[in-house]
Amino acid sequence: AGDKITNFTSTGIDDNATNNKLTITDSSSTFSENVILANGNSLRWTNDNVRIEGTTAGDNLTFYVNSQEILKLAQLETLATLTGNLSVSGTGTFAGNVGIGVAAHATASLNITNTDQHIRLNNGSELGIITLDTDGKLDLWAHGTDETINFRTGTGSGTVAMSVVGT
């Protein structure tokens with residue numbers, strides 16, 4: 001410990017860094033083994049604006065963009081916390097109950113709680129909306145001219161038991 005390499009020359013590596021232990025500016029540098037960081041340290045890009053921090057103290061891995069935490073992965077309690085918008089391309093599967101605007105309900109698969117409680121269904125240019133207003137009224141809306149709301153029973157594609165036809 002405390003030994004110093006005195007005859008070191010390599011383009012892109014700063015061995016005299018004051019705040020960082022190692023700075024590599026050569027874009028073609030690679031590591032063939034693990035890179036080990038002490039708890040609470042981070043991988044940073046230029047400054048603290050973009051970084052990944054990790055610790056085994058709480059088994060957390062935290063991602064920062066613009067110096068703001070955007071994603072935290074944890075071993076205990078809430079496994080993942082996301083700040084900001086989420087865009088998913090592909091298929092998403094939830095093995096448990098889901099809460100939107102509120103914690104997941106103990107027995108309901110989907111729990112939606114917010115001041116604009118509605119589900120918007122789009123199929124091309126067709127639009128359907130299911131809304132629960134502040135007075136507790138449930139509104140089923142087939143948006144457009146001459147739209148129909150069908151209530152079905154049975155198996156397969158079902159049988160229309162009741163139909164509400166707009167004009």
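How many bridges pair S11 with strand S12 (residues 138–143), and in which sense do the two strands pair? The legends below take up this and other close-up views of a predicted model.

**Figure 1. Strands S11 and S12 form a hairpin.** S11 and strand S12 (residues 138–143) are joined by 6 bridges, and their pairing is antiparallel. One of the facing residues is Ile 129, which has Trp 141 of S12 opposite. Between the two strands of this hairpin there are 5 residues. Gly 136 in the hairpin has a positive phi, near 85°.

**Figure 2. Strands S10 and S11 form a hairpin with 2 residues between the strands.** Strand S10 covers residues 118–123 and strand S11 covers residues 126–132. The two are antiparallel, with 6 bridges between them. His 118 has Thr 131 in S11 as its bridge partner. The phi of Gly 124 in this hairpin is positive, near 65°.

**Figure 3. Five strands make up an open sheet with antiparallel pairing.** The strands follow the order S3-S4-S5-S6-S7. The edges are taken by strand S3 (42–45) and strand S7 (80–82). Each of these has a single partner strand, so one side of each has no neighbour in the sheet. From one strand to the next, the twist averages 15°.

**Figure 4. Strand S3 pairs with strand S4.** S3 and strand S4 (residues 47–55) run antiparallel and are joined by 4 bridges. Across this pair, Leu 43 has Ile 52 of S4 opposite.

**Figure 5. Asn 111 is a buried residue in strand S9.** The strand spans residues 110–112. Is Asn 111 buried or exposed, and why? Its relative accessibility is 18%, and buried means under 20%, so Asn 111 counts as buried. The side chain of Asn 111 comes to 3.3 Å from the backbone oxygen of Ala 103. Leaving aside residues up to four places away in sequence, Asn 111 is in contact with Val 98, Gly 99, Ile 100, Val 102, Ala 103 and His 105.

**Figure 6. The charged end of Arg 51 sits over the ring of Tyr 64.** How far is the charged end of Arg 51 from the centre of the ring of Tyr 64? The distance is 3.8 Å. As for pairs of aromatic rings, the structure holds 0 of them.

Terms used. Residues numbered from 1 in each chain as written. Predicted model: local features only at pLDDT ≥ 70, side-chain atom pairs only at ≥ 80, totals over all residues. Heavy atoms only, no water. Phe/Tyr/Trp six-rings, centres within 6.5 Å; stacked < 30°, edge-to-face > 60°. Lys NZ or Arg CZ within 6 Å of the ring centre and 35° of its normal. Pairing = 2+ DSSP bridges. Axes fitted to C-alpha atoms, helices over the stretch in contact; angles between N-to-C directions. Buried < 20%, exposed > 50% of the residue type's maximum accessible area, 1.4 Å probe, protein only. Polar contact = N/O pair within 3.5 Å; in protein donor to acceptor, adjacent residues only side chain to side chain. Contact = heavy atoms within 4.5 Å.
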